[in-house]
Amino acid sequence: MCQQPGLSVGDRRVVAVAALIARNQSIDMAAQFACALDNGVTAAELSEIITHLAFYAGWPTVFSALPVFKDVFATQPR
């Protein structure tokens with residue numbers, strides 16, 4: 001991953017997650033959701049990102065992300 005000073009690792013993960021959801025690229029979502037959680041992005045933040053994107057990327061696009069997020073969140077240690 002690119003290590004430029006402008007964004008934190010967590011912020012980079014947020015951008016990556018948002019881009020994958022908006023582009024409906026569910027194949028890479030699980031890995032990016034897990035990395036985001038590992039890099040300090042909370043499940044509540046990811047949930048809010050998904051909800052917020054529904055208004056910009058469309059509800060059908062977001063619905064494809066929900067099962068992936070649920071699976072990743074269920075397997076993460078708490």
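This is a predicted model: local features need pLDDT of at least 70, side-chain atom pairs count only at pLDDT 80 or more; totals for chains, interfaces and linings use all residues.
Starting with the overall picture, the protein chain comes out with four helices and zero strands, and from the N terminus on the order is simply α-α-α-α. Its radius of gyration is 12 Å, close to the 12 Å that the globule rule gives for 78 residues, so the chain is as compact as a globular protein of that length. Along the principal axes, the C-alpha atoms fill a box of roughly 35 × 30 × 20 Å. Of the contacts with a separation of 6 or more, 51% are made by residues 24 or more positions apart.

Buried residues, for their part, make up 33% of the 78 residues. As for charge, there are 5 positive and 6 negative side chains, and the centres of the two sets sit 3 Å apart.

Helix α2 deserves a paragraph to itself. Covering residues 26-38, α2 has 13 residues and reaches 19 Å from its first C-alpha to its last, close to the 18 Å expected at 1.5 Å a residue. Its buried residues are Met29, Gln32, Phe33, Ala34, Ala36 and Leu37. An α-helix has 3.6 residues a turn, so residues three or four places apart point the same way. The cover over the buried residues of α2 includes α1 (9-22), α3 (43-57) and α4 (59-75).

The backbone on either side of this helix has something to show as well. In the loop between α1 and α2 sits Asn24, with a phi near 60 degrees, a positive value in a residue other than glycine. Most residues other than glycine have a negative phi. The relative accessible area of Asn24 is 42%, which makes this residue partly exposed. After α2 comes Gly40, and here too phi is positive, near 95 degrees.

Finally, there is Leu53, found in helix α3. With a relative accessibility of 12%, Leu53 falls under the 20% cut-off and therefore counts as buried. What does Leu53 contact, leaving aside its neighbours within four places in sequence? The list runs to Ala18, Ile21, Gly58 and Val62.

Notes: Residues are numbered from 1 along each chain as its sequence is written. Side-chain values use heavy atoms; hydrogens and water are left out. Helices (H or I, at least four residues) and strands (E, at least two) are DSSP runs, numbered from the N terminus. The radius of gyration is taken over C-alpha atoms; the globule rule is 2.2 Å times the number of residues to the power 0.38. Buried means under 20% relative accessible area, exposed over 50%, partly exposed in between (1.4 Å probe, protein chains only). Contact means heavy atoms within 4.5 Å. Lys and Arg count as positive and Asp and Glu as negative; His and the chain ends are not counted. The place of a charge is taken as NZ of Lys, CZ of Arg, CG of Asp or CD of Glu. The expected span of a helix is 1.5 Å times one less than its number of residues.
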